[in-house]
Amino acid sequence: MTTWIPELRPDSPRYIAIANALADDMGAGLLAPGVKLPTHRDLAWRLGVTVGTVTRAYAEAERRGLVIGEVGRGTFVRAQTPDRPPSADRRDGTPRDDGQILDLSMNLPALPSEPETVPGAVAEVSGDPQARHCFDYTTSLGLPEHRQSGADWLARHGLESPAERIVPTYGAQHAMFLACATLAEAGAPVLVEEATFYGMKSIAKTLDLRLIGVQTDSQGLDPASLDAAARSTGAKLLYCIPNFQNPTSSVMPAQRRDEIAEVCARNGIAVIEDDIYAFLLDDDDGASLRPLSCRLPDQSFYIGSLSKSVSPALRVGWLAVPEAWVDRIAVAQRATVIMPNPLLQEAARRLIESGAADRLAAGQRQEAIARQRLATEILSRPNSGAQIVTHPNSFHIWLQLPPIWRTETFVSAARRRGVAVTAGDVFFVGRVPGPPAVRICLSAAPNRAALERGLRTVASLLSEDPTLEMPLV
């Protein structure tokens, strides 16, 4: 247990000041993930406040996602949602020896963009006299040719939609925000997988939405649990990731998609379908695993993007919406970014029409497959007690830890050894923490050699005694 004594600012109530000091010290690196905080009584005595004040402070910190309380064990500093790109080995593939970590906490494209493709397309548009219209204002829904290229790209992944129903966006996160801001009012319940992409958790916090976790299994959302949650909460909106679910990597089979669609239709649930990883499906799977939105064309909002398949710097995504909702989405677009960026949308259009986008996406898929094989080879050690949950084509793995490890302790220990992974708790909805697990983003390493070094560090840690990793008093 740490002897942490916070410095309290006098401009807020004492319990808020304690929570604020906790956030400040975590941000400054003074409190590492997994550290056990002083007991309520001990901290109250040190600060000269009541035990009730500390109890309120810890409750406020838990509400913010800063700490996690475990009955009978205490309060622990919680690993935070990753919000920055890797700072370890350089993305050009050259190793670093300056003591920085290998950051495997974010799902980045495995291969960097080639100069003759993505940067070349942007340069081409910039120097093309025929593209001067891409340097001016356009409508909130973008240019017709850019909506058509979006429709063409989404059709590659099974969603046939007319261009008039396509809204170009600044990537998938923006598309998610537009859909949520349009479909849900403050305080509304929104159904999500019990462990969901933390980008949705951020949006829910910003828009004051109430996320309801729905039980899942190896095939994704459980239909009976979804139906029960819809009836008990009255929720009319579902956000889900059927392909390569984040963080579990599950891919929902066709029959399960039929069952989920039937539940949504029966309960009048609108669906926000996040399908940014669809390009990772093999061709045969892609043909058979049609999106949920194909089954619910009048109540689905389908999200596609080039960030993972081509380049995150383009910030190009699309939202396919029911015809009746196009104008309302346009209002949200105007309120956030005025219009999609025509310069970047034009570069994306040329990459799609030339076939370069398909080639880059295929390269990412093949690299993901190779990295999954490497991870399976290194981490599938008998008697380790760990379990790898993944898909052979996924960017990431969900590593369920042996019972002897606490999630926060494992994350902290891995970081001290130079590897950053994401604590599973940040994905779970509600106050109850998920099972001990971490997400490891195989795609984030700059090359396979760096990934192998990081995975071997993780494998070594799995076989060790976690009590040796507990922070000192």
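The model is predicted, so local features need pLDDT of at least 70 and side-chain atom pairs count only at pLDDT 80 or more, while totals for chains, interfaces and linings use all residues. Residues are numbered from 1 along each chain as its sequence is written, and side-chain values use heavy atoms, with hydrogens and water left out.

A nonpolar core here is a set of buried Ala, Val, Leu, Ile, Met, Phe, Trp, Tyr and Cys residues joined through side-chain atoms within 4.5 Å; buried means under 20% relative accessible area, exposed over 50%, and partly exposed in between (1.4 Å probe, protein chains only). The largest one has 76 residues, with Leu-314 and Leu-319 making the most contacts inside it. Beyond its neighbours within four places in sequence, Leu-314 is in contact (heavy atoms within 4.5 Å) with Val-118, Val-122, Leu-306, Leu-344, Ala-347 and Leu-351. A second, separate core holds 31 residues, among them Ala-423 and Leu-461.

Now for the rings. Rings of Phe, Tyr and Trp (its six-membered ring) pair if their centres lie within 6.5 Å; planes under 30 degrees apart count as stacked, over 60 as edge-to-face and the rest as tilted. That rule gives eight aromatic pairs. Phe-301 and Trp-325 are edge-to-face, because their planes stand at 80°, with ring centres 5.7 Å apart. Phe-301 is buried at 1% relative accessibility, whereas Trp-325 is partly exposed at 21%. Trp-405 and Phe-410 also pair edge-to-face, with centres 5.2 Å apart and planes at 90°. Phe-197, Tyr-198, Trp-398, Phe-427 and Phe-428 make up one aromatic cluster.
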